[in-house]
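Please keep the sequence and the structure in view while reading.

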Amino acid sequence: MPIKSYVLRQGRLTKAQAGAIDRHWHEFGIDYRDQVLDLDEIFGRYAPRVLDIGTGMGEATLRLAQQHPDNDYLAVEVHRPGIGRLLYGMAERGLSNIRIINHDIVDVVNRQLPEESLTSVYIHFPDPWPKKRHHKRRLVQPSFINKLATLMKTEGQLYLATDAQDLAEFMLAVCDAAPGLINEAGRGNFSPRPLWRPLTKFEERAQRLNNQVWELIYCRRI
């Protein structure tokens with residue numbers, strides 16, 4: 001059985017979240033199937049495509065989609081309350097440039113996404129799995145990053161962020177070793193925080209705790 005990089009902590013769906021899923025999933029949700037998606041057909045246009053991995057309650061995704069209507073955002077999230085909140089926010093703002101997949105991102109990357117289809121990929125504040133015996137459960141593993149790189153267009157960019165230093169160093173080592181990915185800050189270095197990136201709830205919590213946030217930016221050059 002494949003090792004999961006997450007534990008489902010579903011929590012309770014609010015009435016508004018459940019209602020948003022009932023009303024809008026058929027329009028903006030993508031049911032998981034073991035086949036490659038036609039993203040132009042799904043979004044109804046050809047546009048720069050952003051893969052947003054682990055969107056949480058969707059605040060950052062909503063803000064970016066609103067600020068950049070010429071981009072399409074593919075949000076992948078396993079927790080239904082977050083999906084409900086994202087759909088509710090889309091309806092509230094009248095956004096149509098987001099699609100959502102409620103499934104394990106590893107399956108999505110390995111089976112659903114076309115090669116060289118992504119302009120940007122975001123992995124912001126993934127579960128750090130701090131205990132050494134759990135490091136195999138971390139999302140950022142060589143096989144995952146190597147596959148992800150094949151889905152990015154040439155000059156496509158991968159953005160990562162975490163407030164866990166051990167995970168930051170782990171991700172730096174994995175991504176620096178990935179064929180075709182170039183560290184924008186130079187091998188072995190972290191990047192400054194991108195000014196365009198909205199604060200996530202995880203980052204706001206890190207700031208309250210005075211935790212440092214480590215940033216990584218990579219570009220596909222093959």
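## Overall form

The model is predicted. The protein chain contains eight helices and eight strands. Its radius of gyration is 17 Å, close to the 17 Å that the globule rule gives for 222 residues, so the chain is as compact as a globular protein of that length. The C-alpha atoms fill a box of roughly 45 × 40 × 40 Å along the principal axes.

Buried residues account for 49% of the 222 residues. The accessible surface is about 11,300 Å², and 51% of this area belongs to carbon and sulfur atoms.

## The sheet

Eight strands form an open sheet with mixed pairing, in the order β1-β4-β3-β2-β5-β6-β8-β7. Strands β1 (29-30) and β7 (181-183) stand at the edges with a single partner strand each, so one side of each has no neighbour in the sheet.

Strands β5 (residues 118-124) and β6 (residues 152-162) run parallel and are joined by six bridges. Val121 stands opposite Leu158 in β6. Helix α7 (residues 165-176) lies across β6, β7 and β8 (214-220), and runs at about 15 degrees to β8.

## The nonpolar cores

The largest nonpolar core has 35 residues, of which Leu51, Ile123, Ile145, Leu148 and Leu158 touch the most other members. Elements that each supply at least two residues of this core include β2 (49-53), α6 (142-151) and β8. Apart from this core lies another, of 20 residues, among them Leu62, Ala75, Leu87 and Met90.

Not counting residues up to four places away in sequence, Leu51 has contacts that include Leu74, Val76, Val121 and Leu148.

Methods. Residues numbered from 1 in each chain as written. Predicted model: local features only at pLDDT ≥ 70, side-chain atom pairs only at ≥ 80, totals over all residues. Heavy atoms only, no water. Pairing = 2+ DSSP bridges. Helix = DSSP H or I, 4+ residues; strand = E, 2+ residues; numbered from the N terminus. Contact = heavy atoms within 4.5 Å. Axes fitted to C-alpha atoms, helices over the stretch in contact; angles between N-to-C directions. Core = buried A, V, L, I, M, F, W, Y, C linked by side-chain atoms within 4.5 Å. Buried < 20%, exposed > 50% of the residue type's maximum accessible area, 1.4 Å probe, protein only. Rg over C-alpha atoms; globule rule 2.2 N^0.38 Å. Areas by Shrake-Rupley, 256 points an atom, 1.4 Å probe, with all protein chains shown as cover.
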